[in-house]
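Reader: Hi! Could you walk me through this one? I'd like to go helix by helix and then look at the packing.

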Amino acid sequence: MKNENEINVEKHIAYWRDEALESWKDVVHNIKGARISLALFSAHLAIEKALKAHVVKKTEKFPPMIHNLVSLANIAGLKLTSQQVDLFSELNPLNIEARYPGIARQRPTKKQAELIVKRTKVALEWLIEEL
């Protein structure tokens, strides 16, 4: 009999990876439409889901229900570059900003958002490749 805490690791990794790629489609769609908050929220979500795939890979358990990207990377045992840490730290408050406009900080301009999206794409591709 299977322990209720045991999961099918490969299935869960595939689930989180596929969800990350679906969220990336939202990034692309929303940035084209100048829906900056939604694009950046989806960028955060894409990275979060890819990191959760790594958490499952490392721990063989369902990932914690947290949204801090640096914390998830640490749980997954990933060795992040300083640029990745900076990006993940920059994305973290954008998760809040999309839900509670005006609370976290000033919203990035479209040009700033496009740069964040480019950097996020590189990080996401790395995370997916490392699975």
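Reader: What do the 24 residues of helix 1 span, and what should they span?

Author: The end C-alpha atoms of helix 1 are 35 Å apart, and at 1.5 Å a residue its 24 residues should span 34 Å, which agrees. The expected span is 1.5 Å times one less than the number of residues. Helices here are DSSP runs of H or I with at least four residues, numbered from the N terminus. Please keep in mind that this is a predicted model, where local features need pLDDT of at least 70, side-chain atom pairs count only at pLDDT 80 or more, and totals for chains, interfaces and linings use all residues. Residues are numbered from 1 along each chain as its sequence is written, and side-chain values use heavy atoms, with hydrogens and water left out.

Reader: Thanks. Which residues of helix 1 are buried?

Author: V9, I13, W16, A20, S23, W24, V27, N30 and I31 are buried in helix 1. Buried means under 20% relative accessible area, exposed means over 50%, and partly exposed is in between, with a 1.4 Å probe and protein chains only.

Reader: And what covers those buried residues of helix 1?

Author: The cover includes helix 2 and helix 5. Contact here means heavy atoms within 4.5 Å.

Reader: Let's zoom in on V27. What does it touch?

Author: V27 touches A39, S42, A43 and V117, if you leave out residues up to four places away in sequence. V27 counts as buried because its relative accessible area is 0%.

Reader: How many residues of helix 2 are buried overall?

Author: 19 of its 24 residues are buried, so helix 2 is mostly covered.

Reader: What follows helix 2?

Author: Helix 2 is followed by E60, whose phi is positive, near 60 degrees. E60 sits in the loop between helix 2 and helix 3. At 52% relative accessibility, E60 counts as exposed.

Reader: On to the core. Which residues touch the most other members of the largest nonpolar core?

Author: Of its 29 residues, those are L40, I47, L51, F88, L91, L124 and L127. Two or more residues each come from helix 1 (9-32), helix 2 (36-59), helix 3 (69-75), helix 4 (82-99) and helix 5 (110-130). Helix 2 gives the largest share, 9 residues. A nonpolar core is a set of buried Ala, Val, Leu, Ile, Met, Phe, Trp, Tyr and Cys residues joined through side-chain atoms within 4.5 Å.

Reader: What does L51 touch?

Author: Not counting residues up to four places away in sequence, L51 touches L69, L72, A73, A76, L78, F88 and L127. There is also a second, separate core of 6 residues, and V9, W16, A53 and V56 are among them.

Reader: Last topic, helix 4 and helix 5. At what angle do their axes cross?

Author: They cross at roughly 115 degrees, and the axes come within 11 Å. Axes are lines fitted to C-alpha atoms, for helices over the stretch in contact, and angles run from 0 to 180 degrees between N-to-C directions.

Reader: Which residues meet there?

Author: Q84, D86, L87, F88, E90, L91 and L94 in helix 4 meet I116, R119, T120, A123, W126 and L127 in helix 5.

Reader: And what do the buried residues of helix 4 pack against?

Author: They pack against helix 2, helix 3 and helix 5. The buried residues of helix 4 are Q84, L87, F88, L91, N92, L94, N95 and E97.
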